[in-house]
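Trainee: I would like to go through this protein slowly, asking at each step what a term rests on.
Mentor: Then let us look at it together and begin with a single residue.

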Amino acid sequence: RRLVCCSETASTNSDAFHLAEEGAEEGTVVLADRQLAGKGRLGRRWESPAGVNLYCSVVLRPELPPYEAPQLTFLSAVAVARAIHTSTGLQPVIKWPNDLLLNGRKVAGLLNEMNAETDRVGFVILGIGVNLNMREDQFPPDLRSPATSLLLETGSAVVRQAFAVNLLRELEREYLRFTQNGFGPVREDWTRYCNAFGREVRVEMGPHTLQGPFAGIDHDGALLMTLPDGRIERILSGDVTVI
Ligand code: BTN
């Protein structure tokens, strides 16, 4: 399988996307030391300074209908949580849909991009950014939500290559389990790591806000919330706060 390592690129996700369009096989990985235009969710930037963090994108070609592709985001969140645990002994929690937090601060983010034909997924790019050795003064002052790194949480630096190996191993294991056993086991693990299960959450969706107990995720990865009248609302995107 192909592993592309570059010292500098605009975005490993964009590189992986182009490689996949040219036919790159499943399992192709792009890593960069630094990204000049790292992409975050909802059109945001992902701060990507040189030498300190992990910026990784993986090409997958799952046999899935496009509406089930979000399942891979949950799968990658579980794999990143495991890799962080293996590398540091710390147990991150997952904030729906795909932020990883340590002590309430964001340590990793996921951005998956899909190329779909109408009835099946062509390919999916799993984009993973993990703050490994970033120091306090390297975070931009205007971050929307508090961020941290493994160095800041543990006091010791993480060897980037070793972390990348752990992560790719966990991803491969989760993906094989997913292709064999489907989304059920992934959803169970995701729910175990999720910070909101059974708790009251507020979800902001543009001008609308909904509040209620978090009731898990469904087959498509939608957030389930119990409304006051007992109905279950499915929420596909929004910012979640645990109250
Ligand atoms: C988020 O939480 O907003 C998602 C951040 C995803 C960042 C990673 S870093 C590697 C890959 N390449 C990108 O341009 N973005 C993702």
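Trainee: Why is Asn-13 called buried?
Mentor: This is a predicted model, in which local features need pLDDT of at least 70, side-chain atom pairs count only at pLDDT 80 or more, and totals for chains, interfaces and linings use all residues. Residues are numbered from 1 along each chain as its sequence is written. A residue is buried if 20 or more other C-beta atoms, placed from the backbone, lie within 10 Å of its own; Asn-13 has 26 such atoms within 10 Å, and therefore counts as buried.

Trainee: What makes Thr-12 buried or exposed?
Mentor: Thr-12 has 28 C-beta neighbours inside 10 Å, so Thr-12 counts as buried. Thr-12 lies in helix 1, residues 12-21, and Asn-13 lies in helix 1 as well, where a helix is a DSSP run of H or I with at least four residues.

Trainee: Which residues does UniProt list under "binding site"?
Mentor: The unreviewed UniProt entry places that feature at Ser-11, Thr-12, Asn-13, Gln-35 and Lys-106, although such annotations may be inferred rather than shown by experiment.

Trainee: Which residues does Thr-12 touch?
Mentor: Two residues are in contact if their C-beta atoms, placed from the backbone, lie within 7 Å. Leaving out residues up to four places away in sequence, the residues that Thr-12 touches include Gln-35, Tyr-55 and Gly-127, while those that Asn-13 touches include Lys-39, Glu-113 and Gly-127.

Technical notes: Helix = DSSP H or I, 4+ residues; strand = E, 2+ residues; numbered from the N terminus. Buried ≥ 20, exposed ≤ 12 C-beta atoms within 10 Å, placed from the backbone.
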